[in-house]
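Look at the chain as a whole before turning to its parts. The paragraphs below go from elements to sheets, then to single residues and overall dimensions.

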Amino acid sequence: MKKLSFLFFLAAFTANAQDLAPLTVQKIMRDPKWMGTSPEDYRWSADSKTVFFNWNPENKDKAQPYKLIVANQQIAKAEKEEAEKSAAINYVYNKDKSLGLLEKNGDIYLTHLKSKKETRLTNTLDRESNAKFLYNNNIVFQRLDNIYQLNLATGELKQLTNFVKGKPEVLPSATRTTAKQGTSAQDLWLKNDQTTLFDIIKKKNAEEINGRMTGPRRFGMQTTGNTAARTIKPIALGDDFMIGLTVSPDGKYVSYRTIKQAVGNKNTIVPNYVTASGYTEDLNTRTKVGEALATFTTYVFDIEKDSVYAVNVSQIPGIKDLPDYVKDYPKQLEERTKKNEDRKVNLSVVNWNETGSFAVVSGRSQDNKDFWILKLDPSTGKLDLIDRQRDEAWIGGPGIARDVRWIDHQRFYFQSEATGYSHLYTYNVATGEKKQLTSGNWEVQQVQLSKDNKTFFIRANKEHPGITHFYKLSINGGDLVQITSMKGGNEVTLSPDEKWLAINYSYMDKPWELYLQENKPGAKAVKITKSTSAEFDSYQWRQPDLVSFKNRHGDDVYARVYPSKNPHPNKPAVVFVHGAGYLQNVHYWWSQYFREYMFNNLLADNGYTVIDIDYTASSGYGRNHRTGIYRHMGGKDLTDQVDGVKMLVEKYGVNPKNVGLYGGSYGGFITLMALFNESDVFRAGAALRSVTDWAHYNHGYTANILNEPVNDPNSYKKSSPIYFADKLKGNLVMLHGMVDVNVHFQDIVRLSQRFIELGKDNWELAVYPVEDHGFVEPSSWTDEYKRIFKLFENTLKK
């Protein structure tokens with residue numbers, strides 16, 4: 001009887017082990033090494049017998065090199081440079097792979113691969129690079145800004161190009177525009193907006209606070225000049241920067257791109273207050289959305305004719321098409337229609353097939369509404385349309401708008417969202433046949449072509465939006481064959497012989513570990529590493545409910561729910577809003593928001609029901625979900641949070657009067673919009689490093705979604721929290737790093753000034769003097785989340 005009682009006690013002790021070591025903010029926000037450190041940076045030896053990786057099972061200052069011997073599946077410490085010495089040499093091969101080229105220390109070496117005999121081809125002070133074989137086995141390489149050809153049979157070295165710096169004349173086919181000096185329309189828009197928003201600016205006669213103007217630079221244009229003493233005409237680059245210098249495999253053409261930097265832009269300044277010098281030091285950072293962009297021009301140089309031309313974008317179908325949003329601005333529509341200008345397009349470098357018989361270029365409009373794949377006749381510059389992806393929101397999605405990859409001398413592959421999901425296509429340039437290889441309401445997220453060019457290896461979420469697997473597919477299409485089988489996240493590094501998979505695998509409550517599996521369907525994946533610490537394992541981490549619900553628009557929205565086993569009598573709930581916007585956090589693998597995952601467990605332990613939603617614009621769900629926030633951030637992405645709370649009330653019994661939310665970056669932005677525009681739903685919120693005004697964020701991200709402030713001001717007025725600050729009712733805590741070079745500290749300062757002018761008193765601001773956008777110091781993480789927890793305890797339980 002005593003023995004039975006002891007066993008009962010032991011069982012109860014084991015079942016409630018987490019109660020012996022309750023979670024605290026201080027515990028989970030420590031240096032993450034307390035959890036154990038997962039392996040990373042997998043790379044294979046050239047012979048496919050060893051997997052090298054970095055790991056820190058001994059909790060040292062930094063990770064150490066380790067290796068896995070495939071034959072016996074044993075791991076051991078590796079020598080510091082062992083992985084590099086064992087790695088495959090990245091030769092550039094000739095067509096029958098009997099010869100290989102390699103650059104070492106700025107010189108070119110030739111290796112006869114059968115005999116392993118190595119010959120040094122260059123020995124100069126200048127750097128030689130970008131070496132490759134032509135189809136006739138001659139070698140071309142780049143020395144400084146010029147291309148040289150080496151005839152292996154005769155030893156003759158021939159210079160093919162003569163690029164020079166200098167003041168050129170304008171090429172007839174090149175279309176260039178020069179930015180006007182002075183205050184831009186974008187600057188005037190920001191200045192007027194500041195005056196409208198702030199009383200203090202009105203008092204100071206609308207003084208600008210946007211930072212310093214960078215000095216204007218003057219750039220020249222491409223041209224061809226005549227020099228009697230030279231047999232190769234000089235190609236003047238002016239002050240433009242040249243990139244992507246390549247030679248066609250038949251040796252007839254050289255293609256390249258030039259970059260003309262924008263002038264007149266203003267960089268923003270982020271003051272750094274805690275410095276070694278004791279003085280405040282300025283960090284010179286990015287421009288704001290709407291600033292002028294650099295322009296790229298693609299050129300083709302005909303070696304035989306000794307002539308060069310700029311690829312003319314005016315011939316691209318749809319080059320003059322205006323985006324639909326312009327219809328909302330009749331005056332702008334009238335002006336742009338009257339001008340009838342070509343949109344600015346950035347073309348890729350010419351992409352040749354293996355023989356040089358076909359050439360393809362891809363182009364992306366600067367407004368990001370179009371992506372074209374175009375066949376180029378290099379002798380004339382004529383472009384023929386192969387594929388056009390047009391999106392009135394913006395071009396995006398996994399694998400979209402990247403340069404094509406050749407399969408053989410006639411076919412290449414690419415990805416498109418034409419069906420609403422990113423899928424794989426091939427195109428035959430000889431026959432004009434476009435073939436869709438994959439289909440369905442799921443995404444192809446990564447594609448790798450096998451060495452024999454007969455098989456695609458694919459990572460996709462076909463089984464479920466929150467599960468990734470590794471597949472293979474014939475280049476001719478057919479059945480998609482699943483190779484991995486573990487439910488969760490499977491990140492595969494394929495061995496050079498393509499017989500083995502090094503799998504980085506995780507589950508919702510289990511961080512990433514290394515597994516080894518044969519590259520065969522149904523093969524067993526063997527766990528190799530065990531990384532979590534005893535302290536981490538002592539807590540019974542939750543596997544949240546992975547659910548879906550219909551939002552008010554009839555769309556499926558996925559969420560993680562952390563139910564509380566012992567709900568507080570007030571039945572409070574907290575919504576965690578992930579950052580980045582286009583990111584997936586509702587899935588079956590270990591979250592990159594691991595701190596928030598642990599904090600959500602802590603909240604559940606303390607009586608809260610927590611929900612984490614892949615709101616509209618999250619990744620993994622196709623085009624419509626991705627672009628659902630176009631021209632209105634804080635629209636569907638916010639109402640998804642509200643609809644998620646409604647689901648919690650109906651299915652998890654939470655009290656609708658006691659709901660809070662928190663999130664960082666984009667999640668901080670949603671938190672602000674929620675407290676301003678959905679104050680009847682959310683009682684309290686913590687906004688971390690949050691965007692408060694999208695007109696002050698960067699161009700690459702913001703212009704896709706909201707266009708530019710000067711062209712589409714209505715989108716910014718609907719989407720920026722600062723315009724709704726007067727509606728704040730609930731309790732708000734804002735937390736921001738002072739040296740944040742992504743979402744600047746200026747964002748939160750401007751919103752704070754609005755609150756002061758509006759007489760709001762239910763807000764607080766905590767600043768972190770040494771933190772950038774992603775916090776680093778454990779003390780900062782701890783202070784931040786102690787404040788968040790205190791906010792919820794003081795507002796949602798009373």
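Helices (H or I, at least four residues) and strands (E, at least two) are DSSP runs, numbered from the N terminus. An axis is a line fitted to C-alpha atoms, for helices over the stretch in contact, and angles run from 0 to 180 degrees between N-to-C directions. Contact means heavy atoms within 4.5 Å. The model is predicted: local features need pLDDT of at least 70, side-chain atom pairs count only at pLDDT 80 or more, and totals for chains, interfaces and linings use all residues. Residues are numbered from 1 along each chain as its sequence is written, and side-chain values use heavy atoms, with hydrogens and water left out.

With these terms, the chain has 16 helices and 46 strands.

Start with an open sheet of four strands, in the order 1-2-3-4, whose pairing is antiparallel. Its edge strands are strand 1 (40–44) and strand 4 (74–77), each of which pairs on one side only. From one strand to the next, the twist averages 25 degrees. Inside this sheet, strand 2 (residues 50–55) and strand 3 (residues 64–69) run antiparallel and are joined by six bridges. One of the residues to look for is W55, whose bridge partner in strand 3 is Q64.

Another antiparallel pair is strand 20 (residues 295–302) with strand 21 (residues 307–310), joined by four bridges. D302 has S307 of strand 21 as its bridge partner. The two strands, strand 20 and strand 21, form a hairpin with four residues between them, and D306 in the turn has a positive phi of about 50 degrees.

Further along is an open sheet of eight strands with mixed pairing, in the order 39-40-42-41-43-44-45-46. Which strands stand at its edges? They are strand 39 (545–550) and strand 46 (763–768); each has a single partner strand, so one side of each is left without a neighbour in the sheet. Neighbouring strands of this sheet are turned by 20 degrees against each other on average, direction ignored. Strand 41 (residues 573–577) and strand 42 (residues 609–613) run parallel and are joined by four bridges; in strand 42, T609 is the bridge partner of A573.

Helices lie across this sheet. Helix 11 (residues 636–652) lies across strand 39, strand 40 (556–562), strand 41, strand 42 and strand 43 (659–664), and runs at about 140 degrees to strand 42. Helix 15 (residues 745–758) lies across strand 45 (731–737) and strand 46, at about 150 degrees to strand 45.

Now consider some single residues. Buried means under 20% relative accessible area, exposed over 50%, and partly exposed in between (1.4 Å probe, protein chains only). T532 is in the loop between strand 38 (526–527) and helix 8 (534–537). Is T532 buried or exposed? T532 is buried, because its relative accessible area is 15%. Beyond its neighbours within four places in sequence, T532 is in contact with M35, G36, P511, E513 and D537. A polar contact is a pair of N or O atoms within 3.5 Å; within protein, one must be able to donate a hydrogen and the other to accept it, and residues adjacent in sequence count only if both atoms are side-chain atoms. The side chains of T532 and D537 make such a contact at 2.8 Å.

Most residues other than glycine have a negative phi. N105 is not a glycine, yet has a positive phi of about 55 degrees. N105 lies in the loop between strand 6 (99–104) and strand 7 (107–112), and counts as exposed because its relative accessible area is 81%. N453, also not a glycine, has a positive phi of about 60 degrees. The loop that holds N453 is between strand 31 (444–449) and strand 32 (455–464); with a relative accessible area of 29%, N453 is partly exposed.

Finally, return to the whole chain. Of its 798 residues, 55% count as buried. The C-alpha trace spans about 95 × 75 × 55 Å along its principal axes. Among contacts with a separation of 6 or more, 58% are between residues 24 or more positions apart.

How values were computed: Two strands pair if DSSP finds at least two bridges between them.
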